[in-house]
Amino acid sequence: MIDAISAMRRANEISKLGLGKSAPNPIVGAVIIGDDGQIISEGFHHSQNGGAHAEVVAIDKAGPKALGATLFVTLEPCNHMGKTPPCSEAIIAAGIKKVIFAVSDPNPIAQGGVKKLIDAGIIVEQGLLQDEVSFTNRAWLGKINNSRPYITIKIAASLDGKIAALDGSSKWITSEISRSDVAILRSQCDAIVTGTGTVLADNPSLTVRNVEREDFEFRPVRVILGKREIPIDSKILDKSAETIQIKDSDLGAFIELAKERSWNQILIEAGPTLNSAFLKAGLFDEVFLYQAPTLLGSGLDFASNLGIESLNQRLNLELIAADLLGNKDKNLRLHLLAVSK
C-alpha cells in the first residue's frame, strides 16, 4: 500500500525524467492508485514521446483499471487544446474518481482544469507537497513568472575562487565525480551557453556524456556568445549537437533567441567575462559552485568586476545545499539560489 504523500513523492520523482526534454512544457509526473492502495500505472511528460502529457500516459497504461481510481499529478491538469487534447477530458473519459495535484498551473492558457473536473463529479484536492514539487519544477515555473528561461550558472573553482592558474591551465581543477555531476546538469537543460574566450582557451565539447535516463539521448543546443572567430575544427562545432554562435556581447540577443526557441532552462559554463555579465545583469536564478580542496593564490577568478563598491551593494545568494562529492578526491558542491530584490 502507498499513502498519499508517498504517491505524490513518486509522481514528483518521475517528473524529473522529463528534465531537458519537455520544453516548452513543464515537467509533470502522474501516478494512478487503485482502491487497494497499489500503484496501477504512472507516466511523465517529455516531448520525445510525441507530446503526450503525464496524465494521459498513465491513463493509457492503466486502461480499464483507471475506472474509479485516484490520480496523483504534480501539476494541475490542463484544460486547453494544444498539440494534444485537454488532460481534463482524458481524466473524465477514463472514469477517474479523484484527482490530487500539487501545484496550480500559472499559465492562463491551460487553466480551468479543476472546475471542469469538479463539474464532472470528480473529487479534486490541491496543494499536496506544493513547495516540494514547485522546487522540482522551478525552471518552468520560473520561466512563466519571469517571461524568460531559468538560468543556471555552473562554476568549477579552487577554494580561493580561481578557475584557472596564472599560466591559463584549468584542466582539471575539480574531480572526475564533479564533472560527472555537471553532465547531469547539462542533461537537464535545453541549451548550454559559453563564450568565445572559453572556446579558444579550453576547446570544450559541451556535450552530455554517460547520463542514462529512459531511452533517449540528451543534446542540449550549444550557444557561443562573442564576436571573436573560433577555429572551424573546434570541438563545439562538431555534429554531436546543434551549435549557434551569436556574434554579439549583448545578452538581450541571447534572451530573445531563448524565447524564440521556447527553452525552459539554460546552463552557463563560461569564463569570468560572461559569468560577470549574467551576474551583473541579474540574469540568473541559481548557481552550482564546485570547489576543489586546493589553493592557487593567483590566476583567473570566476567573476570579475560586478560594479560592487561596498558591502551594501553585495550580491547575496541563498544556500540551498552543500554536498561533498566523492570518496577519495572530495569536492564541495554548493547549490545557491538568487535572492529576489
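Predicted model: local features only at pLDDT ≥ 70, side-chain atom pairs only at ≥ 80, totals over all residues.
Let me start with Asn210, which is found in the loop between helix H8 and strand S9 (221-225), where helices (H or I, at least four residues) and strands (E, at least two) are DSSP runs numbered from the N terminus. Asn210 counts as exposed because its relative accessibility is 81%; here buried means under 20% relative accessible area, exposed over 50%, and partly exposed in between, with a 1.4 Å probe and protein chains only. Asn210 and Ser180 are 30 residues apart in sequence, and their C-alpha atoms are 7.8 Å apart in space.

Residues are numbered from 1 along each chain as its sequence is written, and side-chain values use heavy atoms, with hydrogens and water left out.

For the terms, the search uses a 1 Å grid over the protein atoms alone: a cavity is a set of points where a 1.4 Å probe fits but cannot get out, a pocket is an open set with protein on both sides within 12 Å along at least five of seven lines, and lining residues have an atom within 4 Å of a point. Grid points are joined across faces, edges and corners, and a volume is the space filled by probe spheres set on the points.

How many cavities of 30 Å³ or more does a search of the whole structure find? The search finds 1, and the largest cavity has a volume of about 80 Å³. That cavity is lined by 16 residues, of which Leu19, Ser22, Ile27, Ala139 and Asn264 lie nearest its centre.

Let me turn to charge pairs. Taking a salt bridge as a side-chain nitrogen of Lys or Arg within 4 Å of a carboxyl oxygen of Asp or Glu, the count comes to 17 salt bridges. In one of them, the side chains of Arg148 and Asp285 meet at 2.9 Å, N to O. Arg148 lies in the loop between helix H6 (138-146) and S6, and Asp285 in the loop between H10 and strand S12 (286-291), so the pair ties together parts that are 137 residues apart in sequence. Arg148 is buried, with a relative accessible area of 12%, and Asp285 also counts as buried, at 12% relative accessibility.

A further salt bridge joins Asp238 to Arg222, with the closest N and O atoms 3.0 Å apart. Asp238 lies in the loop between S9 and strand S10 (243-246) and Arg222 in strand S9, so this pair ties together parts that are 16 residues apart in sequence. Asp238 counts as partly exposed at 31% relative accessibility, whereas Arg222 counts as buried at 0%.
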